[in-house]
Amino acid sequence: MTTTTDTKGEAKGKITQRSRDFSKWYLDVIAAADLADHAPVKGCMVIKPCGYAIWENIQKTLDGMLKATGHKNAYFPIFIPESFLKREQEHVEGFSPELAVVTHAGGKKLEENLVVRPTSETVIYASFAKWIHSWRDLPLLINQWCNVVRWEMRTRLFLRTTEFLWQEGHTAHATHEEAEAEAVRMLEVYRRFVEDYMAIPVVTGLKSETEKFAGALKTWAIEALMQDKKALQCGTSHDLGQNFAKAFGVKFLDSSGSEQYVWQTSWGVSTRLIGALIMMHGDDKGIIVPPRIAPTHIAIVPIWKNDEEKTKTVAAAHRLAKMVSNFSFIVDDRDLRPAHRYYEWEQKGVPLRAEVGPRDVENSQVVLVRRDTGEKVTVSQDEFAVRTAEILEDIQQNLYHRAQSFLEENTHDVETWDEFQEIIKHQGGFVRAEWCGLAECEAKIKEATKATVRCIPFENGTERGACVRCGKPSRHKVLFAQAY
Ligand SMILES: [Zn+2]
């Protein structure tokens, strides 16, 4: 609960319309909601209290889900000896262009360069090699919440920043079957979290060889479609096979006493999810935060014209606040015009606003205004708590269904290459088409349309036709899109 009494917080500048310039809209919305700012170092991001509060709610809920599936949190160092990265060939090749490397420290040149972690497989598995001895130590299920650094050339607040916050899960198993099941299980945890809490519908599936994680056998992902009809990868889960186990000597004695390498997985979601939330639900007034993840659920705004009215309506606002103490609320009794205060909570994406004026006090009623639809209802103060709970739940559902309809309307089944190019160029969205599975063909599709294989969905049918571009026998039906 917060009560503001100051007169600061003047409404921010106007937000560019989405239809006019989506990229500009995105940045305007972040500024208007006071979520984040560019940092002195190019590509880095300052996450401001309003943005960090959303991240904390994401963390809190997801952390509970990770613990409920048996994972424990630990913390590993930010610095990794450069030689560690080189032990897994594909891994180092994949990450080399993005590494930040420390060469000097304490006023001296270091004997061995240290890499600022771009991801922590190597440093964590060096520990796993010490922790794991027998089959009794397995499965080992670890998660870490931390920051990572990837030196990106083109950055964008929340979506791609040089440093970002995330969680990375790392597990070790006795069999490949078990590891693969874990990777798919965690993808499902991500799907549930993103759909049920963030109200973002996703498609789940396997990444193509080209798009998989550097050093993995397989990568699965959850993919969402943003309002500008570009895809956004919201989370990934990897079957690492024994690649890292062999590089780091992560071995165990099985029940018959013979030495085996473990099978591993890793998986992560990041502050990019906040970018997804903005681009999925936001409108021309600003962001809309789904109630289950919202730092503030209700903004209670008393309205008055003179001191006498102010005393009455502010008192009523506080009485109402007490009725909804199980939600997070703010009583905004600042000496600002009502419209000004409405505007601010709209821009900050607070799902529900309660207005109480002198006449409402007299009639023992309150006006509720939904952020998602703008719809207003007058309810009696007795019903305030019940109606608030109902409407917040309805907003959560509405945001999801709205996004789900958008996803369905913008997923196109395509059979010919002409149609493929036409849709990517003029309509955007997901294009579902047969594909031969060859990297060379995938590269040509990307070159011609900027569309990539977003995933090979789990639900893939059994009948195969011809590849949409090259006409060779198809291996899968896949989802293509231009992506962030
Ligand atoms: Zn092909």
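Author: Let us begin with R353, which is buried, with a relative accessible area of 8%. The model is a predicted one.

Reader: Why is R353 called buried?

Author: Buried means under 20% relative accessible area. R353 has a value of 8%, so the residue is classed as buried.

Reader: What makes R353 and E346 a salt bridge?

Author: The closest N and O atoms of R353 and E346 are 3.2 Å apart. The criterion asks for a side-chain nitrogen of Lys or Arg within 4 Å of a carboxyl oxygen of Asp or Glu, and therefore the pair qualifies. E346 has a relative accessible area of 17%, and because this is under 20%, E346 is likewise buried. Both residues belong to a network of salt bridges that also includes K285, E355 and K376.

Reader: What makes E223 and R454 a salt bridge, and where do they lie?

Author: Their closest N and O atoms are 3.0 Å apart, and because the limit is 4 Å, the pair counts as a salt bridge. It links distant parts of the chain: E223 is in strand β11 (residues 218–225) and R454 in strand β23 (residues 452–457), 231 residues apart. Both E223 and R454 are buried. By the salt-bridge rule, the count comes to 30.

Reader: Why is the site of the zinc ion called tetrahedral?

Author: The zinc ion is coordinated at 2.3 Å by the SG atoms of C436, C441, C467 and C470. The angles among these four donor atoms are 104 to 118°. Four donors count as tetrahedral if all angles lie between 85 and 135 degrees, so the site meets the criterion. The ideal angle for four tetrahedral donors is 109.5 degrees.

Reader: Which parts of the chain do C436 and C467 tie together?

Author: C436 lies in the loop between β22 (430–435) and α14 (439–449), and C467 in the loop between β23 and β24 (476–481), so the pair ties together parts that are 31 residues apart in sequence.

How values were computed:
Residues are numbered from 1 along each chain as its sequence is written. This is a predicted model: local features need pLDDT of at least 70, side-chain atom pairs count only at pLDDT 80 or more; totals for chains, interfaces and linings use all residues. Side-chain values use heavy atoms; hydrogens and water are left out. Helices (H or I, at least four residues) and strands (E, at least two) are DSSP runs, numbered from the N terminus. Buried means under 20% relative accessible area, exposed over 50%, partly exposed in between (1.4 Å probe, protein chains only). Donors are N, O and S atoms within 2.8 Å of the metal (3.2 Å for Na, K and Ca); water is not among the atoms, so sites may look incomplete. Four donors count as tetrahedral if all angles lie between 85 and 135 degrees; four count as square planar and six as octahedral if opposite donors are over 155 degrees apart and all others between 65 and 115; anything else is irregular.
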